[in-house]
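Please read this note alongside the model, with the sequence open beside it. The points below are meant for someone meeting the structure for the first time.

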Amino acid sequence: MAEKSMFNEPDVDFHLKLNQQLFHIPYELLSKRIKHTQAIINKETKLLHENISTLNEIFEHKDVEHDTLALAKITEMIRKIDHLEKFLNMQNKSYYEILNRIKKRLEFFHELKDIKAQNTETFDDHNTRNKLIRWYQSYTNILIGDYLTRNNPIKYSPETNEHWNSGVVFLKQIQLDDLIDYDILLEANKISTSLLNGRDLLPLISWIDENKKILTKKSSILEFQARLQEYIELLKVDNYINAIDCFQKFLLPFIQSNFPDLKLASGLLIFIKYFNKQKPDSSSSSTFNAEEIKAQNLPMKKDLVFQHFFHKSLPRDTSNPETNTADYDKSSLINLQNGDFERYLNLLDDERWSVLNSLFLKDFYSMYGISQNDPLLIYLSLGISSLKTRDCLHPSDDEEENKGTEDTITPENGVEHLQIFTLHSLKRKNCPVCSETFKPITQSLPFAHHIQSQLFENPILLPNGNIYDSKKLKKLAKTLRKQKLISLSPGQIMDPVDMKIFCESDSIKMYPT
Amino acid sequence: MSELLDSLETEFSKFYKDSSLEETNLQKCLDHTHEFKNQLKKLKAHLNKNIQESKPEVYNSLNDKEKQKFKRKRELIIEKLNKSQRQWDHSVKKQIKHVSQQSTRFNKTMLNKLKEFDIDSVYVNKLPKETMQNVDEAIGYHILRYGIDNMPLDNKNEASKYLKNIYGITNKESTDFIDMGRIVHNLKKGDTQSCLKWCSNEMDSLSSNHATLSYLQFELYTLSVMQAVMRGNPVEVYYQMTQQTPLDFFKHREKELIRNVVPLLTKSLIGQPIEDIDSKVSEQLKECISLFVKEYCAAKHIFFDSPLFLIVLSGLISFQFFIKYKAIRELAHVDWTTKDELPFDVKLPDFLTHFHPIFICPVLKEETTTENPPYSLACHHIISKKALDRLSKNGTITFKCPYCPVNTSMSSTKKVRFVML
């Protein structure tokens with residue numbers, strides 16, 4: 001059966017493919033839960049099996065004493081089973097909850113199917129149109145909820161003693177919270193925020209530990225990079241013992257795959273320590289630089305870091321060591337003109353945190369089959385480009401709003417009202433792409449491609465070069481007259497762009513093809 | 001097409017015990033375990049009884065047959081204990097295996113079919129990072145426009161504080177919408193006064209559209225009458241019609257009056273019950289709210305459809321074309337060539353595209369732009385500037401229109417501009 005498409009919108013199945021993550025995420029959660037349940041069941045059944053064997057052995061004795069022992073054993077078994085039952089009950093509850101998400105989403109898309117089917121059956125266009133619009137408004141709301149949950153901060157409210165995020169608040173308010181796995185998005189948000197704002201690796205590292213198997217399977221470099229960062233941060237605060245400990249425990253296992261990085265990391269230790277000693281005031285404070293910088297909330301920028309560690313400004317050109325060999329500083333371990341030097345600065349740069357964050361998000365999102373980019377932004381990009389016409393964002397539009405009123409018309413009840421009224425009779429005033437909010441976004445995006453003209457009925461040319469729909473222009477003149485915004489004689493029309501008045505007979509019928 | 005949805009639904013239902021989708025397939029594990037626990041408890045009680053009976057003072061008083069029976073009982077308990085453990089072990093393992101298989105199958109047969117493309121792959125033209133604030137602003141507008149009804153609006157200051165706190169929406173943006181939301185709240189409560197007051201205030205403004213406003217007023221009075229009818233008091237209806245409603249509102253609306261109001265009045269007068277009056281009133285209420293919101297947005301010159309919504313809808317519609325283009329591009333090994341224009345045509349519905357005129361020069365088959373604007377010829381046909389220059393050899397000769405036999409000289413051409421009303 002061919003489905004009627006009212007807005008040329010895609011079919012239901014395409015919608016499903018577009019939103020595969022809505023099913024993929026709960027599946028991943030389901031799958032994790034099942035595996036866990038299965039493991040527990042296997043463990044418990046094995047234990048119970050052993051219990052029964054012991055029990056049978058006890059029964060072999062066939063005396064009251066041992067039977068009493070067996071009784072105690074059974075009581076213990078019942079306790080265990082009771083425990084297991086409670087566990088299964090909990091598992092089943094959350095299993096049910098996850099399934100419910102899938103159910104709600106299937107229902108959501110089923111609704112679209114019904115609306116479309118209804119259109120095919122009843123041809124009640126108006127009704128279907130409204131329903132379809134409403135459905136797509138919900139769809140848009142889901143995208144907004146997703147965007148806010150991903151990007152807006154998780155805030156703490158002391159009154160309710162709860163954490164909240166505007167995305168989740170929004171989704172609950174419009175009762176669409178079952179349609180998004182906001183718990184997953186919030187988890188990513190939390191870890192990401194602690195990396196970027198708190199410079200805190202702990203949440204990330206505990207997430208890595210939880211998902212080690214999957215990450216190793218995908219040969220992810222996230223763990224190594226996170227541990228390297230941990231090591232670097234320890235060095236920054238002069239915690240050499242823990243840094244070396246971290247190196248040995250967490251970095252050494254990567255010696256096969258990341259040997260050059262390990263070399264660099266060990267080098268960094270020596271450099272930092274060496275320059276720490278060289279520092280004139282190093283005697284007065286043992287934990288210097290990074291702590292200080294952190295305390296002052298200064299950005300750990302490359303040149304700043306350099307200043308701190310090496311007490312020299314960042315060499316300008318490090319790419320060509322031969323030209324400056326004469327300046328070789330013998331008292332220093334490092335040849336400042338040596339390009340290799342840059343490597344250590346890169347390690348110390350704060351930029352690494354955002355790199356680490358992107359690495360994390362990439363691994364996290366791909367684990368659940370979530371798109372790397374915010375879906376809302378993808379839709380906006382596509383939508384803007386398919387809407388943006390050559391007529392959009394005309395700089396002349398704003399000038400036109402304020403020109404040519406005094407000598408062309410006789411203001412009767414205030415020019416201002418007339419201006420406002422006529423300006424808003426122009427369709428382009430409602431163009432979403434031209435709206436103040438979207439203007440800056442739209443600017444750099446490509447135009448839509450058109451192969452056919454999209455004009456209007458009865459085009460007439462006014463002496464000023466503007467072409468209008470004749471009927472609409474006459475209707476506008478009629479309304480203006482009726483509301484007494486301007487005195488127009490019969491047969492007169494007004495150009496709403498420059499507000500000049502013409503006779504209908506001055507207009508020329510046009511034949512655009 | 002919704003085949004995928006159909007099979008997804010079918011496959012999904014297998015996660016449950018039956019088609020009512022109330023109990024999960026994992027529930028059975030729980031049931032079996034519960035049963036096993038009860039079984040154990042029962043057996044424990046039996047064993048306990050057995051132990052009591054095996055006490056010498058009891059046991060010795062038994063005759064041989066009874067002793068035999070006693071022993072048999074004990075064996076039976078042990079046997080049953082073993083059996084129920086075996087059964088439970090078997091069934092619970094079987095069931096969890098079944099659950100696990102179902103989830104694997106769901107993934108393999110269904111979810112993999114959904115993974116046909118990657119939405120990241122069409123995000124070629126990225127939104128500039130520095131405009132994310134604009135995205136937030138657009139979201140704020142969207143939430144105000146469609147979500148204001150769901151917000152706590154009783155206190156105006158509280159409401160704007162709430163919006164600022166939760167969504168970061170400034171007072172300037174929210175004021176208009178809070179007023180709108182409060183009127184809608186009143187309408188929902190059955191109070192049309194604030195809305196009528198707003199209408200009459202608007203009527204005084206010259207730049208408002210009087211025709212649509214008076215229509216809204218008419219619908220509001222109709223709503224009031226219907227509400228009175230619903231309450232079932234003819235006297236109140238009469239009062240409503242004669243005292244509360246300015247009669248001239250019904251003057252030019254005989255048709256609507258006869259269709260919508262008169263049948264209700266008649267029935268109310270003769271005391272006959274009116275079928276689904278509730279749903280009729282609620283329909284009328286919806287109509288009034290939608291008319292009011294439309295008028296309100298028009299009066300305040302704010303977007304009736306949130307720009308964000310229109311763009312997202314366009315994006316959704318164009319997704320098919322982007323995906324298709326990407327597939328073709330990959331097959332043909334061509335790159336995303338044009339930077340300032342999409343390489344394909346996206347067909348959008350009229351209500352998304354009627355904001356700007358689009359004119360394709362019939363000679364060059366190119367869209368006219370500010371640099372290459374449309375020009376009218378002597379015969380009132382229109383071509384682009386570039387085409388005109390070419391045909392007239394840069395204005396040096398008179399030429400024949402490509403569509404009709406009329407000749408055009410440069411002096412009879414005129415730069416034109418299409419404007420949508």
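This is a predicted model: local features need pLDDT of at least 70, side-chain atom pairs count only at pLDDT 80 or more; totals for chains, interfaces and linings use all residues.

1. Residues are numbered from 1 along each chain as its sequence is written, and chains are lettered from A and ligands numbered from 1 in the order in which they are written.

2. Chain A contains 20 helices and eight strands, where helices (H or I, at least four residues) and strands (E, at least two) are DSSP runs numbered from the N terminus. Of its 513 residues, 32% count as buried; a residue is buried if 20 or more other C-beta atoms lie within 10 Å of its own, exposed if 12 or fewer, and partly exposed in between, with C-beta atoms placed from the backbone. Among contacts in chain A between residues at least 6 apart in sequence, 63% join residues at least 24 apart, a contact being a pair of residues whose C-beta atoms, placed from the backbone, lie within 7 Å.

3. Between the two chains, 133 residues of chain A are in contact with 124 residues of chain B. Helix α3 of chain A (residues 64–122) supplies the largest share of the side of chain A that touches chain B, with 26 residues. By class, that side of chain A has 71 nonpolar, 45 polar and 17 charged residues, counting Ala, Val, Leu, Ile, Met, Phe, Trp, Tyr, Cys and Pro as nonpolar, Asp, Glu, Lys and Arg as charged, and the others, Gly among them, as polar.

4. The largest nonpolar core has 162 residues, and the members that touch the most others are A:Leu143, A:Tyr379, A:Leu380, A:Ile467 and B:Val312; such a core is a set of buried Ala, Val, Leu, Ile, Met, Phe, Trp, Tyr and Cys residues joined through C-beta atoms within 7 Å. A second, separate core of 14 residues includes A:Ala243, A:Cys246, A:Phe247 and A:Leu268. Leaving aside residues up to four places away in sequence, A:Ile467 touches residues of both chains, among them A:Pro459, A:Met510, B:Val416 and B:Phe418.

5. Which strands make up the open sheet of four strands with mixed pairing? The order is β8(A)-β4(A)-β5(A)-β7(B), and two strands are said to pair if DSSP finds at least two bridges between them. At the edges stand β8 (508–509) of chain A and β7 (417–418) of chain B, each with a single partner strand, so one side of each is left without a neighbour in the sheet.

6. Within that sheet, β5 of chain A (residues 466–469) runs parallel to β7(B) and is joined to it by two bridges, with B:Arg417 as the bridge partner of A:Asn466. On the other hand, β4(A) and β5(A) pair in the antiparallel sense over three bridges, and A:Pro459 stands opposite A:Asp469. The hairpin of these two strands has four residues between them, and A:Gly465 there takes a positive phi near 95°. From β5(A), A:Asn466 and A:Tyr468 point one way and A:Ile467 and A:Asp469 the other, and all are buried.

7. A further pairing between the chains joins strand β3 (residues 447–449) of chain A to strand β1 (residues 341–345) of chain B, in the parallel sense over two bridges, and there A:His449 stands opposite B:Asp345.

8. Chain B also has an open sheet of three strands in the order β3-β2-β6, with antiparallel pairing. Its edge strands are β3 (382–384) and β6 (414–415), each pairing on one side only. Strand β2 (residues 374–376) and β6(B) pair over two bridges, with B:Tyr375 opposite B:Lys415.

9. On the annotations, UniProt positions are in the numbering used here, feature names are shortened, and annotations may be inferred rather than shown by experiment. The unreviewed UniProt entry places "domain: RING-Gid-type" at residues 431–498 of chain A, a span that is 25% helix and 19% strand. For chain B, an unreviewed UniProt entry gives "transmembrane region" for residues 302–323, and in the model this stretch is 77% helix and 0% strand, with end C-alpha atoms 34 Å apart.
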